[in-house]
Structure formats: C-alpha cells, structure tokens
Amino acid sequence: MTNSHPSTSHPSPTTAEPGDPGCPGGLTVLDPPDLSGPADASDGPADGPAAPSTTVQDRLAGRLSDITSLHEHTGRLVRARGLPATLDAVLASGAALLGADRGVLVTLTPGGGPGQPVGLGLDRASLGALETVPTEQSLLARLLREHDRPEQLHSPDLAEDPAIGDRLRELAVHLGLGGAVGLPLATVEDGPLAAAVWFYDRPAEPTPCQRELARHYCEIAAPLLAKQLEAERIRRTTEALRRGLLPDHLPRAAGLRLAARIAPAGLDRSSGSDWYDAIPLPDGTVGLTVGSVSGDGPGAGPGSAPGAAAAMGRIRAALRAYAVLEGEDPVSVLGDLELLLKTTEPTRTATAVYAWVEPEERRITLAGAGHCPPVLVGRHGAAFVETSLSAPLGMLACWEAPGVEFTAERGDTLLLYTEGLARRCGPTLHSGQANLRRAAADAPRDVRIDPDRLCAHLLAVCPDPDAAPATEDLMLLAARFE
C-alpha cells in the first residue's frame, strides 16, 4: 500500500525501515481528505439536466447523516462517568463509525509505558496475546510515540501485510483478525494519551468518510479523556494517601490472631472516612478499635470526603496515644477522644468502638460511642456484644457511657465493623447487622476458625447486590482467641 497525503502534507520519506508506516504494501500513514462543503451549482451547467442537483442533495443528506452519527457518539462519550466507562465508549463508538468488529485501547501511564489494555470483542486471553507483540511491531506503540506519531494507521489484511512483524501476523491468523485501523488520542497540551486499534473480522478497509469521522471523533474524545485520566490519577493518589493513614500491618500477640479488611468508598461519593487499628500496649495487652469520622457541618456531602479522611488520620493517631496512656479503660479513651474532637474538630462527629483485650485470659473490656455492636463468633453460633446506647462523639455537651466486660472462649472470634458494612448487608441498618451476624454464624467451620478467611467470606457474602453504590467505607477487624 502506498502513502496517501494531501498536497499540503510533508513529502513521504525516501526510505523506510520494514515495519514502519510508509513501507510499500504495508501500514500507511493517512491524512484523510478534508470535509469540504458540498459542490454547488457551479459544478455543472446551470441549465443542464437535474442530475447535478440530485447529486448535491445526496451529498447533503450523507453529510447530515454523518454529522448526526458523530453527534450521537460524542453525546454518549460526554455522558460516560469514570475512566472505564469513557474507554468503553471510545472503543464502541470508534468501531461503529469505522464499521469494525473488535478493538483494543491502551492509555499511556505516568511512567511513559502502555497501561493495561481494554478490549472490545476480545477476551482476556486475546488481550494477553496481543501484549506479547514486540514494541517494534506494535501498532499501539507507534500511535503512542511522542514524536513522529502517525495520524492514522491502516492495514487491509494483517495476516498478509509484509510490513507487519511475524508475531503480529501470527496472532492475526490465530485470533481471526483481518483489516485494522489505528488512531491516536492526543492533545497539543498533553501529548499522547492513549491509542486505539480497531479490527475487522475479514480483510477490509474503511471508506475515506469512515476514516474522517473516526478521526474527528478521536479529536473530540482526547480532551475529555485527558480530564478523566487526570481525575483517575488524583483518585489513585488520594486513595493511596488514605490507605497510608491506616495500619500497614497488624501486630502479633500470643494467643491472638488478627485480620482486617477495608473496601473504601470512592471519594467522589463518600462524605466520611473509617478507621481500624490494633494497638500493642506496653503490658502485653492489645487495643482494638474501629470508627468512622464524618462532618464539615450539617449536610456535608461528597466534597467533604478528603477533609474527613485527613481528620480520620488525626483522630486515629490521637486514639493510639490515649490507648497507650489509659488503654485498659475504654470509657476514658473514648472520653478523651470526645474532648479532642470537640476542641480541634468542632464541625465533625465520630462513632467508635474501643476494646481492651487481654489475650492470655481472653478478657475483653469495651465501650462504644454510637457505633454498631460487635459480634462474638463461637463454635455454637454468633451473638451481638450489646454495648449500652450512646451518642456519637461530638454530638452532646458531654459524652459518657458505661463499659462492658466479658470473657471469650478459646476459639471465639470478636468482629468489629463499621456502619458502612452493615448498611450494605441489608435494606436497613438493623437488618444489615442481623444479616452480618447470621452470615458469621453460618460460615463453614474451616472459615470461622481462620480470621482472615472469615473477613474475606463476610465481605463476599454480605453486601447486598441490589444496593446502591457504596457511599461509606466497608471495614472489618477480626480477633480470634487461641
């Protein structure tokens, strides 16, 4: 295949390496024809036959159909929410505009390499196979170049194209790929952002109009994709910082096995932030705690989530200090936390449970502040540890509540969890707590005796599949007495 350029394009290079765009019979860098206006009456004799007028009407109708199609696909793109939905929209709309059957898209990672591929009509195994194509043969790699990036790549038959490397020709036969069209998604400000290649199931090539529409679509999609990629980078960074505010490991204590799980809600939906902690104390005992911070005042919404996460980190750090000073008295620990919250975080509230655990004697003393009751899982079932009714911290002029003391049996597991998990286990908080207790009681014995497996089991079976997207963190801390 030869190069095709408008008269204003730079001349084609006189030499080209095999496998590069521009090689005879191979991939071609295409500059699609300009969408100039329809021919007017001067295209034919003014008083001639009616054919020219009919041709103009046909061209106008075709142009209107193309513009309508482009408008519909860009509208779907604008309505996409989140990066995965945006990438899926780009692949699906590009395939529709080109008349293609399948496609693959990769974004450029901050480190400069290609990210995880996203496929249309290609399963995970097929995407994995395409990742084995060497960089020098990869269509996607060429479209992601910072310099000498082609505007478009096209091969009418990958399996027979002499400019395609051996590995890609082999995969084209194995995967049943015929023709291919590739387009970059780039902006002047950001440079290359992503690259997409669409495949036909047979040897084929798009019409010039299809190429033009796809190119215009990618030009529109690129700045929208840039915003989604930036939002995703911010989300990942924020989530990493948020997780960094939680323990990076759980302590080891003789006679006690600990496990924890957290599934944080997206910061775009959440208005609070949960914590869990296991604090080794100087006398060999352990302080266990879970809690949730919310606020920024009444009616705080998702915009307050980053601030709540930062406040959670401060409150958890303070609670660790109070636990070291007076950990054997959970009421005093939460009372001190209440005073700190009202003094330094006056627009926020928090719910919390703090338990002081003596592993050797399996003695537990705990107190709760407006929080869900813990669950004690034993060999004969599971039961709530009923804490006295109390308000969240920061709600009343003075918080106070009595502590609860009990002794666990060898093999029992104490579950502490936040409200987000309970609300995802049922239509109401009360029913969700009941469903969580029931799921713990009904867990297989080999699951109940392993706190790590029990946490994973409860997070897998409890969340209601019909529930709305999580607006609260799902957090669980399990301590098994051995």
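**Stop 1: the start of H12**

Select Asp450 and Asp452. At the start of helix H12, a side-chain oxygen of Asp450 comes to within 3.0 Å of the backbone nitrogen of Asp452. That is a polar contact (a pair of N or O atoms within 3.5 Å, where one must be able to donate a hydrogen and the other to accept it; residues adjacent in sequence count only if both atoms are side-chain atoms).

Before moving on, know that this is a predicted model, where local features need pLDDT of at least 70, side-chain atom pairs count only at pLDDT 80 or more, and totals for chains, interfaces and linings use all residues. Residues are numbered from 1 along each chain, and side-chain values use heavy atoms, without hydrogens or water.

**Stop 2: along H12**

Now select residues 451-461, which form H12. Helices (H or I, at least four residues) and strands (E, at least two) are DSSP runs, numbered from the N terminus. Which residues of H12 are buried? They are Pro451, Leu454, Cys455 and Leu458. Buried means under 20% relative accessible area, exposed over 50%, and partly exposed in between (1.4 Å probe, protein chains only). Look down the axis of H12: the buried residues fall within an arc of 100 degrees, so they line one face of the helix. The arc is taken from the directions from the helix axis to the C-beta atoms. Cys455 has 0% relative accessibility.

Show the partners next. The buried residues of H12 pack against strands E6 (256-263), E14 (413-417) and E15 (474-481), and against helices H10 (429-442) and H11 (445-448).

**Stop 3: the cores**

Select Leu337. Setting aside neighbours within four places in sequence, Leu337 is in contact (heavy atoms within 4.5 Å) with Ile315, Ala318, Leu319, Tyr322 and Leu393. Leu337 belongs to the largest nonpolar core, which has 50 residues. Such a core is a set of buried Ala, Val, Leu, Ile, Met, Phe, Trp, Tyr and Cys residues joined through side-chain atoms within 4.5 Å. A second, separate core has 30 residues, including Leu83 and Ala204.

**Stop 4: two loops**

Most residues other than glycine have a negative phi. Select Asp148, in the loop between helix H4 and strand E3. Asp148 has a positive phi of about 55 degrees. Is Asp148 buried or exposed? Asp148 is exposed, at 70% relative accessible area.

Jump to Arg362, in the loop between strands E9 and E10. Arg362 has a positive phi of about 55 degrees. Arg362 is buried, at 17%.
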